[in-house]
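Hi there,

Here is the structure I promised to pass along. Have a look first, and my notes follow below.

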Amino acid sequence: MKLDKKADISYQAGLEFSADTDKLRQQGLYRKERIISARNSVNIEIDGQPLINFCSNDYLDLACDPRISTAMNAAAQKFGTGSGASPLVSGKTVLHHELEELLAQLTGRDRVLLFSCGYMANLAVISGLVRSRGDEVFEDKLCHASMIDGAAISPACLKRYQHASPASLKKLLLTSSAKRKLVLTESVFSMDGDIAPITEIARCCHEQQACLVVDDAHGFGVIGNKGWGGLDFFDLDQSAVPLLMATFGKAVGVSGAFIAGPDSLLESLVQGARPYIYSTAPPIPLVAAIKQSLHIMSEEPERRLHLDALIQRFRTGAEHLGIKLLPSETPIQPVVIGDPDETVDVSRRLEQQGFFVSAIRPPTVPANTSRLRITLSAGHAP
């Protein structure tokens, strides 16, 4: 086969990039997509093999609820599928507005903005609020990649404080001369499952005049007196925690995200956050599905109570078997193995026994902490 000059250049460039992939394979860090061919609650099928799913974030078992798909279909029949434009052009419908109003009521915030995903929401909140080189962003060392990337695309200086340490954060804030200081933490950390000391962090931010953003992706719908997340858990209003970000792709069982907070800050995002201004509004059927899911979450607290019981059952059983777990009281129950190849091997052997548990390896987690991230769902049976 004879290649022309242009094709040969492309081929050589491909070899250069594929060398990176080969290196990942050698290090045991190569990741491969798995295709699910059938799904019903926690029961899935991959490559013709039935498996029980223990690595989904569908914490309340809502992703396959027929009431949600019915609401989605009805909205599609009435409004169509895609929203057609950004919210500031013509993409915002009455359904988007109703969902924003509902979320503001549930979270006790003035206003809500909708986003296509949590990644875009975090990019928006950081790049939309800190816009000069004199600003500073302070993030927990275990914060999600979206928060790290959000700080990277902003002109602000990023500083990382020790995991779940208000003292470490205070030390950094005391030495800051920035006019605008933005602090970010997760409520429930996605790879460890522990809950951040948000009350102490909020007090520190108040003392040092910093704006706090809490990423509640893994807490919303799961923890709290009413199940509305980390701020509900600690009973913190928007005067204590100005900005809340949460997603719909986990406990809510759909897709997308929102930011809630004071009207003044949300208006700053509307006017200055590029991911909001230049992204198509979320699809209308998804908006209807989210709204239906939130109503189910409100009306069926037994889902969360069942999940809580499963978490305690799992931790008690693991302790009895001598399986060391991280200190998590949430659906995220990691088993740290360390070596990436060994972690993949254990995951593979579990799959042979009918349990689907993904191996989590660097760079998602720090070096030498590869783990099985076991996640529980209300769809699991005792």
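Two strands pair if DSSP finds at least two bridges between them. Keep in mind as you read that this is a predicted model.

With that in hand, let's start at strand β7 (residues 181–186). β7 is joined to strand β8 (residues 211–215) by five bridges, and the two run parallel. In this pairing, Thr 185 stands opposite Val 214 in β8. To get from β7 to β8 the chain passes through helix α7 (residues 198–207), making a right-handed β-α-β crossover.

β7 also pairs with strand β5 (residues 136–140): four bridges join them, again in parallel. Here Val 137 stands opposite Leu 182 in β7.

Which way do the residues of β7 point? Lys 181, Val 183 and Thr 185 point one way, while Leu 182, Leu 184 and Glu 186 point the other way, and all are buried. Because six of the six residues of β7 are buried, the strand is largely enclosed by the rest of the structure.

Now for a pair of helices. The axes of helix α4 (residues 118–129) and helix α9 (residues 263–272) come within 9 Å and cross at roughly 90°. Angles of 65 to 115 degrees count as roughly perpendicular, and α4 and α9 are therefore roughly perpendicular to each other. On the α4 side, Ala 124, Val 125, Gly 128 and Leu 129 take part in the contact, meeting Leu 265, Ser 268, Leu 269 and Gly 272 in α9. By type, the residues of this contact are five nonpolar, three polar and no charged.

Methods:
Residues are numbered from 1 along each chain as its sequence is written. This is a predicted model: local features need pLDDT of at least 70, side-chain atom pairs count only at pLDDT 80 or more; totals for chains, interfaces and linings use all residues. Side-chain values use heavy atoms; hydrogens and water are left out. Axes are lines fitted to C-alpha atoms, for helices over the stretch in contact, and angles run from 0 to 180 degrees between N-to-C directions. Angles under 35 degrees count as roughly parallel, over 145 as roughly antiparallel, 65 to 115 as roughly perpendicular and the rest as oblique. Contact means heavy atoms within 4.5 Å. Ala, Val, Leu, Ile, Met, Phe, Trp, Tyr, Cys and Pro count as nonpolar, Asp, Glu, Lys and Arg as charged, and the others, Gly among them, as polar. Buried means under 20% relative accessible area, exposed over 50%, partly exposed in between (1.4 Å probe, protein chains only). A crossover is right-handed if, with the strands pointing away from the viewer, the path from the first strand over the helix to the second runs clockwise.
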